[in-house]
Amino acid sequence: MRNNRSNNRRSSSRKDTQKNVIGKYISFIILIVGILAICVKVIWDIIFPPPPPPPPPQEVYFTKGPQLATIYLDNSASMQGYVKGIQYLDALADLMSIYPNTEARLMSNSAMVIKKGSELISKLANNDINYVGQSLLNNDLEYIVSDIEKANKMKKTKIAFFVTDGIMCGPDSEIRKDSTYNINHRQELTNSISSVFKGKGLGVSVYRLVSDFKGVYYCYDNSHKPIDALRSFYIIAIGKPEVVSDFKENLIKRQKQSIFKLRPQNEIHFIESKPINQYLSINAGKDGNVVLSIDENNTVVYDRSKIKSDKDINFQISFDAFKNYKYSGIDLAKNVQVKIDGTEYKTEAIADSLRNALIVKVDKNRLKGTSDGSKVHITIPYFTPAWITSTIVSNDNDLRFIQGLADESTFFFNYFINGIMNGVLSLSDFNIYDRELLLKRK
């Protein structure tokens, strides 16, 4: 019996040894295979390096509140008539309340600093503000921009609000020599506004408000007379783009309160200085039930058999892409431009409020069926809103104002806006939206 147990033990020991050897061989083989796989991958990457990742898409500016906020009041003689209007006073009181510790200053007297909204309104209503003969918009804006840059250098974000009637004009001395100076030098005046903002990397928003005006109005030739009428005035927000965007969002929130009176008639924003190329999705098929993915190289591969009989491929741009603009969806749709392989393509673009998006349709039959595919380039060039050039807002001859025919319009306002636009935007042929994709058929 003992011999049998001994033999059994030796037999079991041999089997265990064999299992251990086999296990070691399998582990060794797995290790070798893993090392070979790594080596092959390294050699492959050296011979066929992967393409570099595409540049990150242009971001829509995220909002970021300022640390400092200053209201700069244009206190030229032509502004005095606004203090009789409750709309003007209400707007300034509300503007003082949006950011904590907002202060107000006079353009002609930086030593006067007003810290409270009640104090500002009291000084305006009681004529405790000193008004000067003339202000030049380019000089005022240059001073304000310089003040913002000083704050930024001290690592403090600042927003400035310039409250003005927005009338571009030349020096009194020049107008006395030539009564048509402002008309003859309108482009020069426009360029002087542009130069203030060139290369500064700032954002600008212009808000148009209307108030009762009872005071002396000065025409482009400096002829003047008391008038009693509704007049436009402007709040111009200036700062880093994300800070100006923050004010825009704050204003929208505050306007939900019925007691808040700062409600612009119109507004225009120069916050995005580069084209937007995000917020795009693509679908096709019946009711857009086939979603097409965009890879990191801006390539879209589609299967015609899945799209079936539906002819259109739909490029869907969310309205969130245009959060820093003030355009209607209908106006955006009207201005969409599409090129297929460099050739202009007449597209159908619609503003879809249900999907909260701009839908740009492209007939799939216009795309190449070859392996090279077709390039689809979608742009929305910058366009000036209709209100800017409306005669209700902008005029090029205000002499009628002192003849009893005053209205809300502002002398050369459209030129003033062009000056800001040309200074802030990075390109002369600026696109609001710009995206090119390669569509390949599977």
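## Close-up views of the model

View 1. In E16, the residue opposite Gln337 is Thr379. The model is a predicted one, so local features are taken at pLDDT of at least 70 and side-chain atom pairs only at pLDDT 80 or more, while totals for chains, interfaces and linings use all residues. Residue numbers start from 1 along each chain as its sequence is written, and side-chain values use heavy atoms, with hydrogens and water left out. Strand E12 covers residues 337-340, and 4 antiparallel bridges tie E12 to strand E16 (residues 374-381). Strands here are DSSP runs (E, at least two residues), helices likewise (H or I, at least four residues), numbered from the N terminus; two strands pair if DSSP finds at least two bridges between them. E12 also pairs with strand E13 (residues 343-345), again antiparallel, over 3 bridges, and Lys339 sits opposite Glu344 there. Which residues of E12 are on the covered face, and which on the uncovered one? Val338 and Ile340 make up the covered face, Gln337 and Lys339 the uncovered one. In a regular strand, side chains alternate between the two faces of the sheet. The E12-E13 hairpin has 2 residues between its strands, and Asp341 takes a positive phi near 55° in this hairpin.

View 2. All the way along strand E11 (residues 312-318), 7 of the 7 residues are buried, so the strand is largely enclosed by the rest of the structure. (Buried means under 20% relative accessible area, exposed over 50%, and partly exposed in between, with a 1.4 Å probe and protein chains only.) Asp312, Asn314, Gln316 and Ser318 point one way, Ile313, Phe315 and Ile317 the other, and all are buried. Strand E8 (residues 280-284) runs antiparallel to E11 and is joined to it by 5 bridges, with Asn283 opposite Asn314. Strand E15 (residues 357-363) is antiparallel to E11 too, over 7 bridges; here Asp312 faces Asp363.

**View 3. Leu280 in strand E8.** Leu280 is part of strand E8 and counts as buried, at 14% relative accessibility. Its C-alpha lies 9.2 Å from that of Ile294, a residue 14 positions apart from Leu280 in sequence.

**View 4. Two asparagines with positive phi.** Asn298 isn't a glycine, yet its phi is positive, at about 60°. Look for Asn298 in the loop between strand E9 (290-292) and strand E10 (299-302), where it is partly exposed at 26% relative accessibility. Asn356, not a glycine either, has a positive phi of about 55°. Asn356 lies in the loop between strand E14 (348-352) and E15 and is partly exposed, at 35% relative accessibility.

**View 5. An open sheet with mixed pairing.** The 7 strands of this sheet come in the order E3-E2-E1-E4-E6-E5-E7. Strand E3 (109-114) and strand E7 (266-270) are the edges, each pairing on one side only. On average, neighbouring strands are turned by 25° against each other, direction ignored; axes are lines fitted to C-alpha atoms (for helices over the stretch in contact), and angles run from 0 to 180 degrees between N-to-C directions. Strand E5 (residues 203-218) pairs with E7 in the antiparallel sense over 5 bridges, and Val204 has Phe270 in E7 as its bridge partner.

View 6. The whole structure holds 19 aromatic pairs. One of them is Tyr72 with Tyr143, edge-to-face at 6.3 Å centre to centre and 85° between the planes. This pair links distant parts of the chain, with Tyr72 in strand E1 (residues 68-73) and Tyr143 in helix H4 (residues 137-153), 71 residues apart. Rings of Phe, Tyr and Trp (its six-membered ring) pair if their centres lie within 6.5 Å; planes under 30 degrees apart count as stacked, over 60 as edge-to-face and the rest as tilted. Is Tyr72 buried or exposed? Tyr72 is buried, at a relative accessible area of 1%, whereas Tyr143 is partly exposed at 39%. Elsewhere, ring pairs join Tyr82, Tyr88, Phe213 and Phe233 into a cluster.

**View 7. The largest pocket.** Its volume is about 300 Å³. Of the 19 lining residues, Ser78, Gln134, Cys169, Tyr218 and Asn222 lie nearest the centre. A pocket is an open set of points on a 1 Å grid over the protein atoms alone where a 1.4 Å probe fits, with protein on both sides within 12 Å along at least five of seven lines; lining residues have an atom within 4 Å of a point. Points are joined across faces, edges and corners, and the volume is the space filled by probe spheres set on them. The lining divides into 8 nonpolar, 7 polar and 4 charged residues (nonpolar: Ala, Val, Leu, Ile, Met, Phe, Trp, Tyr, Cys and Pro; charged: Asp, Glu, Lys and Arg; polar: the others, Gly among them).
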